Amino acid sequence: SAISWTSSPADAKDADLIVLVVPSRFFRTTLATFKPHLAANALIVSATKGIDEQSHHRMSQTAFDVLGRDIAALSGPSHAEEVARGVPTAVTVAGKNAAAIQKAFMGKTFRVYTSDDVIGVELGGALKNIIAVAAGILDGIGLGDNSKAALMTRGLAEITRLGTALGAKPETFSGLSGVGDLIVTCGSRHSRNRSVGERLGKGESLKDIMGGMKQVAEGIWNAKAARDLAREHGISMPITEEVCQIVENGKDPRQALKDLMGRDPKAE
């Protein structure tokens, strides 16, 4: 079947399968523009990894708000640069018509698993971007493997805490859309979130970094939304709190690291 990308709403009218890949900040307005042109029986899947900054909704919730219909979510460790080159990749799809979407996407170098936990799949994809900003900050400061491993592990712990409080299954965060995506985003040269964090760690201002970027770093946009969600539900997310302080208030990343390391002792 023919595959094409478009920014023209009318082009979507005959599509059997529609994949939404716009940045989270523009997800709602783009969907509203396309809504009159979407066939009633079209399969719709979101590959956007983010949180609506105003409503704090996941992308599938935002889509339901706009379209009045359920959509699926596809997520996992899948940098587009590698997928396009045919590098073997595995992802997860959850939600409406997941099995049909799995069948459509399966290929020799692209393996798709299904999940019944759309909340966990979407939150894993959104929240790991914030931890990736922190991972980049560690790289920019010049720290080592111990630091990165600790950050990722404790980052996954707070992602899981918030996710389960919002109705996700804890085991989802051990899967491709959880720890899998966290690993690739925190360590890859392709990761925009990690790259922004690295430049912050080296002392550049966020304004200068973002001003020169042509691509999106969702973790910068979503840090405040995630922090506010955690506070609303009484969930402790210290790494997310510090990333938010850095990107929202210009806190010195080295001071943020000291504050994290100086927290009261706890059981794991």
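A salt bridge is a side-chain nitrogen of Lys or Arg within 4 Å of a carboxyl oxygen of Asp or Glu. The structure is a predicted model, in which local features need pLDDT of at least 70 and side-chain atom pairs count only at pLDDT 80 or more, while totals for chains, interfaces and linings use all residues. Residues are numbered from 1 along each chain as its sequence is written, and side-chain values use heavy atoms, with hydrogens and water left out.

## Salt bridges

By the rule above, the count comes to 18 salt bridges. Three of them are listed here.

| Pair | N to O distance |
|---|---|
| Glu204 and Arg199 | 2.9 Å |
| Arg231 and Glu241 | 2.9 Å |

Arg231 in helix α10 (residues 218-232) and Glu241 in helix α11 are 10 residues apart, and their pair links distant parts of the chain. Helices (H or I, at least four residues) and strands (E, at least two) are DSSP runs, numbered from the N terminus.

Exposure is described by relative accessible area: buried means under 20%, exposed over 50%, and partly exposed in between, with a 1.4 Å probe and protein chains only. Glu242 counts as buried because its relative accessibility is 14%. Glu241, at 23%, counts as partly exposed, and Arg231 is partly exposed with a relative accessible area of 49%. Salt bridges that share partners also join Asp139, Lys148, Arg194, Glu198 and Lys202 into one network.

## Pockets

On a 1 Å grid over the protein atoms alone, a cavity is a set of points where a 1.4 Å probe fits but cannot get out, whereas a pocket is an open set with protein on both sides within 12 Å along at least five of seven lines; lining residues have an atom within 4 Å of a point. Grid points are joined across faces, edges and corners, and a volume is the space filled by probe spheres set on the points.

The largest pocket holds about 2,100 Å³ of space. Its lining comprises 49 residues, of which Val19, Leu20, Val21, Val22 and Ala47 are the closest to the centre. Strand β1 gives the most to this lining, with four residues. For the classes, Ala, Val, Leu, Ile, Met, Phe, Trp, Tyr, Cys and Pro count as nonpolar, Asp, Glu, Lys and Arg as charged, and the others, Gly among them, as polar. The lining of the largest pocket has 25 nonpolar, 15 polar and nine charged residues.

The second largest pocket has a volume of about 650 Å³. Among its 27 lining residues, Arg154, Ile239, Leu260, Met261 and Arg263 are the closest to the centre. Helix α6 gives the most to the lining of this second pocket, with six residues.

## The cavity

There is one cavity of 30 Å³ or more, and the largest cavity has a volume of about 40 Å³. Residues that line the largest cavity include Ser46, Lys49, Leu74 and Glu122. Strand β3 (72-75) and helix α5 are the elements that give two or more residues to this lining. By class, the lining of the largest cavity divides into three nonpolar, four polar and two charged residues.

## Val21

Val21 lies in the loop between β1 and α1. This residue counts as exposed because its relative accessibility is 60%.
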